[in-house]
Amino acid sequence: MNAQIDFESIGIGFGTSPLKGEEAARAVTSAIEAGYTLIDTASRYENEEAVGQGIRDSGIAREDVIVQTKLRGHDHDNVRGALELSLEKLGVDYVDVWMVHWPLPMLGLYPQAYEEMITLQEEGLVRTLGVSNFLPEHLDELKSRTGHVPAVNQIQVDPGIHRPELRAELKNRGITVQSWSPLSKGGDLFETEPVKSAAEAHGITPSQAVLAWHRAIGAVPIVRSTSEERRKQNLDAIKVTLTPAEVEAIGGLPQRELGEWDPRTHDER
Ligand SMILES: NC(=O)c1ccc[n+]([C@@H]2O[C@H](COP(=O)([O-])OP(=O)(O)OC[C@H]3O[C@@H](n4cnc5c(N)ncnc54)[C@H](OP(=O)(O)O)[C@@H]3O)[C@@H](O)[C@H]2O)c1
């Protein structure tokens, strides 16, 4: 099994939280029909069965879709059992990307969990290992305990929290950045001047301008929409190239603090 996944050429992934049941299955089928090839879920989203159903309903060949799921905090000491359950719920023989969802340093179990994930990858149940919400200190700990560098780190990135130092550090280590909540959940961002003017200049929507900004900074946004039209529109952002001035202006928006999402203290299991 080829462990290499070219996230850069995938460009934009489809997020499935907090969709559940029929709505999640329909959204995944329609996203794949629109051209998304990377589908992001997590055991914590409680929608892996629906995501698996949506993938099957689309008729796409298994090898043509990247199925990405995550190990939740409650399972840092139940790694094999957690993967077996995710595979069963998704209805697949392997996952393409398996991530540690949060480091949860207060538990101190993520290096040991990751070691077991490496074993499961060696058994062919996982193509590529990744992490989510990891800071350099957590990556250092993983490296020293397992000798391993994850292929990808899914972190909170949007123009209001764009984390240039962390992204540069990940780039130095050869780790792909995926942005979660890339539209900041579709809030006030679309009304900001740099986003509106980039959208106007290119004849695109504010959402497309923000997603093009993610691509310009070298991140792979994982975006969710319940609307068929907006799903297509978001994927079309791959075709947009912003000017360096537009990228700088969007990245120059006022920055928020990590707050409750700080991985050193965030306790989401
Ligand atoms: N690793 C982690 O810890 C973590 C944490 C959070 C999220 N995630 C992942 O990241 C994914 C995306 O994050 P998210 O769902 O929180 O936020 P998001 O993708 O930034 O924003 C989703 C919101 O934006 C709206 N939207 C989407 N496209 C739009 C468009 N073209 N125009 C206007 N509004 C648009 C959606 O509304 P409509 O549905 O009405 O279009 C929805 O309300 C999640 O689904 C999940 O897979 C991971």
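Predicted model: local features only at pLDDT ≥ 70, side-chain atom pairs only at ≥ 80, totals over all residues.
The space taken by the ligand is the largest pocket of the structure. Among the elements, β8 (219-223) and α10 (228-236) are those that give two or more residues to the shell around the ligand, and the largest share, three residues, comes from α10. The shell holds 28 residues, of which Asp40, Arg224, Ser225, Thr226 and Arg230 come nearest to the ligand.

Ser225, one of the residues that come nearest, has an N or O atom in its side chain 2.5 Å from an oxygen atom of the ligand. A nitrogen atom of the ligand is placed 2.9 Å from an N or O atom in the side chain of Asn234.

Away from the ligand, the reader may turn to charged side chains. Side chains of opposite charge can pair when their charged atoms come close. A search of the whole structure finds 16 salt bridges, and one of them, between the side chains of Glu22 and Arg26, has an N to O distance of 3.5 Å. Both Glu22 and Arg26 belong to helix α2 (residues 21-34), where they lie four residues apart, which is about one turn of the helix.

Most residues other than glycine have a negative phi, and most peptide bonds are trans. The peptide bond from Ser17 to Pro18, however, is cis, with omega near 5 degrees, and Pro18 lies in the loop that runs between β1 (13-15) and α2. Leu104, a residue other than glycine, has a positive phi, near 45 degrees; the place of Leu104 is in the loop between β4 (95-100) and α5 (110-122).

Conventions: Residues numbered from 1 in each chain as written. Heavy atoms only, no water. Near = heavy atom within 4 Å. Polar contact = N/O pair within 3.5 Å; in protein donor to acceptor, adjacent residues only side chain to side chain. 1 Å grid on protein atoms, 1.4 Å probe; cavity = no way out; pocket = protein on both sides within 12 Å on 5 of 7 lines; lining within 4 Å. Sits in = over half its atoms within 2 Å of the grid points. Salt bridge = Lys/Arg side-chain N within 4 Å of Asp/Glu carboxyl O.
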